[in-house]
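Okay, everyone, thanks for coming. I've got one structure for you today, so let me put it up.

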Amino acid sequence: MSECPLSACECLSGNPVDLEKRHAAFGKNFIPPKKAKTFLQLVWEALQDVTLIILEIAAIISLGLSFYHPPGGDSEACGQAAAGVEDEGEAQAGWIEGAAILFSVIIVVLVTAFNDWSKEKQFRGLQSRIEQEQKFTVIRKGQVIQIPVAEIVVGDIAQIKYGDLLPADGILIQGNDLKIDESSLTGESDQVRKSMEKDPMLLSGTHVMEGSGRMVVSAVGLNSQTGIIFTLLGASENDEEKKVKKSKKQGPPENRNKAKTQDGIALEIQPLKSEDGTESEEKEEKEEAKPVKKVNVTKKEKSVLQGKLTRLAVQIGKAGLIMSAVTVIILILYFVIDTFGVQGRTWVAECTPIYIQYFVKFFIIGVTVLVVAVPEGLPLAVTISLAYSVKKMMKDNNLVRHLDACETMGNATAICSDKTGTLTMNRMTVVQAYIGDTHYKTVPEPDVIKPETLEVMVNSISINSAYTTKILPPEKEGGLPRHVGNKTECALLGLVLDMKRDYQPIRDEVPEEKLYKVYTFNSSRKSMSTVLKNADGGFRMYSKGASEIVLRKCSHILDAQGQPRAFKPKDRDEMVRKVIEPMACDGLRTICVAYRDFPAEAGEPNWDNENDILNDLTCIVVVGIEDPVRPEVPEAIAKCQRAGITVRMVTGDNINTARAIATKCGILLPGEDFLCLEGKEFNRQIRNDKGEVEQERLDKVWPKLRVLARSSPTDKHTLVKGIIDSTVGETRQVVAVTGDGTNDGPALKKADVGFAMGIAGTDVAKEASDIILTDDNFTSIVKAVMWGRNVYDSISKFLQFQLTVNVVAVIVAFTGACITQDSPLKAVQMLWVNLIMDTLASLALATEPPTESLLLRKPYGRNKPLISRTMMKNILGHAVYQLVIIFTLLFAGETFFDIDSGRNAPLHSPPSEHYTIVFNVFVMMQLFNEINARKIHGERNVFEGVYRNPIFCSVVLGTFALQIIIVQFGGKPFSCTALTIDQWLWCVFIGVGELLWGQLITAIPTHHLKFLKEAGHGITKEEIPEEELTEGADEIDHAEMELRRGQILWFRGLNRIQTQIKVVNAFRSSLYAGLESPESRSSIHSFMAHPEFVPMSEEEARIPPIEETGDEIDPLPSPSSGAEGGGEPPSAFPHSRELSI
């Protein structure tokens, strides 16, 4: 550092050879991501699934027995059990069924693993895309340039400003009023003041909360503070894996991390959350004590959809479980009674293998019933639907960082939007000015203004602004000049250029190093001031800020002659009335520019006493800045209102400006009694005498509130939290929030869905958000709503189809087995119907593109059931049709088609035409019902828009082709025999009947069918036993008790669904998580494992998750620790102290 003069600040020439040397010596600013899982690992995880394991075991036993022929053994002695085994060839073919089951298991595993693998790949792609977009400002060759974060080298001079997330460690070499939030390293939420004398070290992963400055980079990548911690965490995680064998499917780790990289470091810091989404350090300690428990620290409430799906899956699974157990018991009893009771045989040793073969066959039938009952395809449908939507949403300028945000957005009932940049274009221009006692309705010519006034105004604007703010020439001829940096400052610099002056020479004359003191803009000051030292030892301070705030501090104003005259409170009131309010009513933002001189003889003032310094100012000019409404916004807001979504505007602007803009946008409609409040008034109405927010008071305000002006970040957070927690109205509210500033972090985090601005947004805002709007445009939010509703509908469509298949298959297998001792649909056929058709159907129904008609209905809200009455009507109606047809064919089909009956066939008999027809008709009916399933709101035209979905068409045709191959050439493994063309036509004809039957069902009005129940509700507080709401220990015991009702193994089979739904891990919804510190939600930098504090009062009671290993849920901290900002968990990060410097 010593040979580098600070004034030059050109230490790095940007010479490639030099940069390469630095890369070699100090490493790159990149932390390598965790190794992706290999395809084989994913295959192994898919194999861990209980239902599949049961099938594998059954298949292996079946295979083993088919090769074992008992020695001698008079087959007569074993009764008619052995009948039909005379044919040697048939006996040899006994292995086929077992092999076919194994084969189908392999197919399922490969499909699952491939899905996981492609999803992982997609996330890595998203990750690297986010990383490449992350840029940082450095000075090379004396030029200020932006380079990708990964290219920063040791020795670079980096410019840092409010809202940055530091990408590397460094030493401050020049700073103005710099405050850093180091809580991501230390867990201390207080902001740390940085100065060259006192504390010049800046650490990677910390947030700049105030001020600006420059630092020289001292450590990058793995050597930076972030890197060191990661290396430690990475090491601890590897030991972890040796210690504990991971079981079950954890889903790609990215989803845990939710592609969180908005931050300064090009990395995907994985080890932070070890595979199980637990903090590794904490996990390590727990695991020494309990080798198999998993510790979930940050157990967030599930997203709306996942909560409903999990409950539905458990209910379906329980039913399937009971059915399959009953099937096995009935089959075994019937066989035993028939063989040893009715025929009066004795159990002979040599017959044992034959009897065992029967029992294995019964067991396989039982397992098959279970397999069919459990909706395997459901998690897959969710995964595909979300992954597909996320990919498509990228094209609609929505970069989804948390998969579940996309689905939650479909339920949104309220949007709290920023004004600047979201509703408006964020291209500010000065259009009016009050200068020298005159109010100019357009920008005045420079010659009408006194030269002295002009001089001081130009100096004030040029110096008292961030030097990173510039106006650059347009990129193409005839375009608009490019605004770089703070848009309000750009408008003021534009005014300087309109005055035929240039700001750059003034800045060159007074470089940043010469600024004596800077009070940077923050949300509490609402102004910015810069102090210069004069040659005579005195000081001059330039200030600018919100006009009503700065004018209050003015005691003088420059008159028409350019001389200061006294400016009294009554003058101020008159000015507010005559100048500022008219400007604000035109939707202009008013800014006041002022200055103050401190004479040399008075000595140096105490700069820390802000109130005395920012006082006694002299007003130079008040400008009205226009930020035009985006042309497409009024229509987008009208769409939201039609879709039942309330749009509220929350802004820091003056109330008149806000009201004018809200009227232009259509948020305020003439003749409606909506509220527009200022932050102060809002707080007065919602707080009690002690200053605490009361929910009852808030409930009186928010339903009518449309505009909240002059609001602080706390107000925004209070409003969002109040609306989410409110129980007035028929449905609970789901709130989306947009924000771009660092101060929006808490509100973005609290909201159900947080949207950050991709262009104007600070790193901190992006870090706290769920979706990033890459074009900062409100219309993209409407697109997100459309996609979200589409996801919800896709999953409902799939459910409607899936449950019809399940109901029919289970009943057919069960009754068939009880009446004919053999399931009419064989295990392999069931697997084909269940797994292949479900997988393909989930692909077909989950990829329906959204239509504008989705925006014509009201949002579903939190507690609307997944399966509506109409859907229930469709499911039961179609099931009735299918069951009638199948049982008719089963018991009378042989006479109708004039073929041999397939009932009561002996053990290894060849497949019959009879049962092949039953199977074929079953599949045909499902195929045509898949077309019916495209509509869930009782629409008549089920083919509408089918050509817009090529995937659907190809899936239906592909399934049909595969079915032909299976029936004609499937032979013994599929228990099929080839059918004639007549029989085929009959099968297809019966299938087409589904479409006609569908029209009939649609004709029945749902409101007459009062007896139909809805299913798949959200969880309500009342449903949960009291004790379940207590701390961790009770909660886990309760879950265990649930399980111990003799069904643990089967239940875990069910849990496959939960686990698979977790495949996407899509669903860590931010419902009700108490306010955490801004970097927590698995932020790249949350070294502190901040659990999300959930005060018990807010905790929406939840069903204890029936996890693979019985999750241990950490006791929730008491409400007191849920204080704003999130306290520091006592044991969350035992070594944090040694790590922080």
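The largest cavity comes out at about 120 Å³. By cavity I mean a set of points, on a 1 Å grid over the protein atoms alone, where a 1.4 Å probe fits but cannot get out. Grid points are joined across faces, edges and corners, and the volume is the space filled by probe spheres set on them. This is a predicted model, where local features need pLDDT of at least 70, side-chain atom pairs count only at pLDDT 80 or more, and totals for chains, interfaces and linings use all residues. Residues are numbered from 1 along each chain as its sequence is written, and side-chain values use heavy atoms, with hydrogens and water left out.

The structure has 9 cavities of 30 Å³ or more. What lines the largest cavity? There are 13 residues, lining meaning an atom within 4 Å of a point, and Asn874, Asn932, Glu939, Gly998 and Thr1002 lie nearest the centre. Helix 32 (981-1003) gives at least two of the lining residues, as does helix 29 (869-897); helix 32 has the largest share, with 4. Helices here are DSSP runs of H or I, at least four residues, and strands are E runs of at least two, numbered from the N terminus.

Now, over to glutamate 182. You'll find it in the loop between strand 5 (169-181) and helix 6 (183-186). Is glutamate 182 buried or exposed? Buried, because its relative accessibility is 9%, and the cut-offs are under 20% for buried and over 50% for exposed, partly exposed in between, with a 1.4 Å probe and protein chains only.

Key. 1 Å grid on protein atoms, 1.4 Å probe; cavity = no way out; pocket = protein on both sides within 12 Å on 5 of 7 lines; lining within 4 Å.
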